[in-house]
Amino acid sequence: MARPHEFVIVGTGGIADIHALDITKLTGRAEIVAAVDTDPERLSAFTKKWSVPRSYADVTTMLDAESPDVVDVCTPPALHAAQARACMERGLTVLCEKPPTLSLAELDELAALESAGTGRFAAVVQHRFGSGARKLRSLVADARLGPPTVAVCNTLWFRPDEYFAVPWRGKWEIEGGGPTLGHGIHQMDLMLSILGPWHRVVAVADRQARPTDTEDVSAAIVTFDNGAVATVVNSLLSPRETSYLRFDFARATVELEHLYGYGDGDWRITPVPGHEDTATAAWNEGPAGLPSGHAAQLSAVLDALDEGGAPPVPVAQIRPTMDLVTAIYASAFTGRPVCAGEIGPESAFYRRLDGTGAPWLTTEEERL
Ligand SMILES: NC(=O)c1ccc[n+]([C@@H]2O[C@H](COP(=O)([O-])OP(=O)(O)OC[C@H]3O[C@@H](n4cnc5c(N)ncnc54)[C@H](O)[C@@H]3O)[C@@H](O)[C@H]2O)c1
């Protein structure tokens with residue numbers, strides 16, 4: 001049997017525990033050989049809890065000593081690009097928590113490294129990997145469902161003021177954005193992975209209630225190359241929380257309702273009368289039994305590594321999601337529609353998701 005793939009975890013906070021738990025469950029396939037954190041107490045608690053043999057206070061020292069199969073970046077968003085770049089420049093493979101970067105500019109720098117064959121980058125977007133999403137992706141072009149026409153993509157979550165006490169939250173330069181980037185990215189990424197290339201977006205965003213610089217709600221209308229039209233809402237102000245995706249095809253509606261992870265039972269298909277047998281038969285075929293979550297993506301990452309391939313989800317596949325996120329901000333703050341691929345280096349939104357500044361931050365001091 002092949003040796004386990006060696007992981008180094010960078011950032012040993014909340015989400016790192018989920019990664020560690022799932023790596024531990026993949027007995028014999030992966031192991032954590034080291035961890036990095038600038039907070040010595042967190043680092044020591046983590047290494048003790050997960051029996052990690054080596055620990056480091058910074059990424060450079062770790063890179064001088066280790067050459068793992070995967071560097072698993074679980075730090076606050078503003079650190080992702082620089083830490084990923086440092087690892088990729090050593091030729092390493094990076095698995096990076098969402099959001100992959102704070103901007104398209106940072107993502108394109110990682111893409112340049114990838115295309116030069118200098119390291120590999122994979123973004124964590126774990127809801128692509130449950131059996132329901134895999135099944136629906138394989139059915140999108142299936143005549144039994146027919147073409148997609150309408151979609152709904154809601155991330156209606158609730159985060160009280162206290163949630164933003166963590167120093168990196170709610171700031172453009174550290175978290176990068178509000179629910180559009182940090183929370184709704186999961187649902188939007190899943191929607192794009194199913195419906196394919198998006199074409200144009202019109203959006204609004206606002207900071208209604210939370211003590212943040214970033215938005216706490218955004219809403220958008222997105223059209224797709226295949227003609228489908230979707231509404232998207234990303235909110236941290238919604239007391240009855242839900243993550244809801246709905247896809248209307250010509251012959252059936254497919255819905256997914258969950259919160260932070262789904263199983264097969266969270267999906268529902270409603271065929272058009274007269275198409276019950278064919279649409280239901282189509283839905284009952286294909287993958288089953290795999291819940292979405294970090295374990296599902298980690299397995300897919302290890303499958304790719306076993307075969308010597310690039311782990312999912314590479315820069316090229318996450319870029320349309322970051323492009324849509326960026327375009328939602330650009331449309332909301334400029335009041336005009338934005339097309340896919342339109343935001344390039346000449347746009348203020350290419351380097352910062354608030355572009356030239358969120359409209360609700362009125363003074364220069366507030367914008368910093
Ligand atoms: N995929 C998901 O569903 C999901 C869920 C929650 C969080 N996340 C993402 O995971 C990331 C981390 O979130 P969290 O909730 O675990 O945050 P956290 O604040 O709990 O943990 C971050 C850790 O990084 C450490 N850190 C800070 N600077 C560092 C540095 N320079 N080098 C090494 N370590 C450093 C901190 O000390 C802390 O232990 C964020 O990007 C977040 O968006 C993803």
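## Aspartate 248

Aspartate 248 touches Pro147, Pro148, Thr149, Val150 and Thr253, leaving out residues up to four places away in sequence. The model is a predicted one. Aspartate 248 sits in strand S11, which covers residues 237–249.

Its relative accessibility is 15%, so aspartate 248 counts as buried. The cut-off for buried is under 20%. The side chain of aspartate 248 also has a polar partner: the side chain of arginine 246, at 3.1 Å.

## Ligand surroundings

Some polar pairs can be named. Glycine 14 places a backbone N or O atom 2.9 Å from an oxygen atom of the ligand. For isoleucine 15, a polar backbone atom is 2.8 Å from an oxygen atom of the ligand.

## Helices H6 and H8

Helix H6 spans residues 131–139, and helix H8 spans residues 185–195. Their axes come within 8 Å. The crossing angle is roughly 30°. Angles under 35 degrees count as roughly parallel. H6 and H8 are therefore roughly parallel to each other.

Which residues meet in this pairing? From H6 come Ala133, Leu136 and Arg137. From H8 come Leu190, Ser193 and Ile194. By class, the residues of this contact divide into four nonpolar, one polar and one charged.

## Alanine 348

Alanine 348 is in a loop. The loop runs between strand S14 (338–339) and helix H12 (364–367). Is alanine 348 buried, exposed or partly exposed? Its relative accessibility is 37%, so alanine 348 counts as partly exposed. Buried would need a value under 20%, and exposed a value over 50%.

Setting aside neighbours within four places in sequence, alanine 348 is in contact with Gly355 and Thr356. Alanine 111 is 237 residues away from alanine 348 along the chain. The C-alpha atoms of these two alanines are separated by 20 Å.

Definitions and conventions. Residues are numbered from 1 along each chain as its sequence is written. This is a predicted model: local features need pLDDT of at least 70, side-chain atom pairs count only at pLDDT 80 or more; totals for chains, interfaces and linings use all residues. Side-chain values use heavy atoms; hydrogens and water are left out. Axes are lines fitted to C-alpha atoms, for helices over the stretch in contact, and angles run from 0 to 180 degrees between N-to-C directions. Helices (H or I, at least four residues) and strands (E, at least two) are DSSP runs, numbered from the N terminus. Angles under 35 degrees count as roughly parallel, over 145 as roughly antiparallel, 65 to 115 as roughly perpendicular and the rest as oblique. Contact means heavy atoms within 4.5 Å. Ala, Val, Leu, Ile, Met, Phe, Trp, Tyr, Cys and Pro count as nonpolar, Asp, Glu, Lys and Arg as charged, and the others, Gly among them, as polar. Buried means under 20% relative accessible area, exposed over 50%, partly exposed in between (1.4 Å probe, protein chains only). A polar contact is a pair of N or O atoms within 3.5 Å; within protein, one must be able to donate a hydrogen and the other to accept it, and residues adjacent in sequence count only if both atoms are side-chain atoms.
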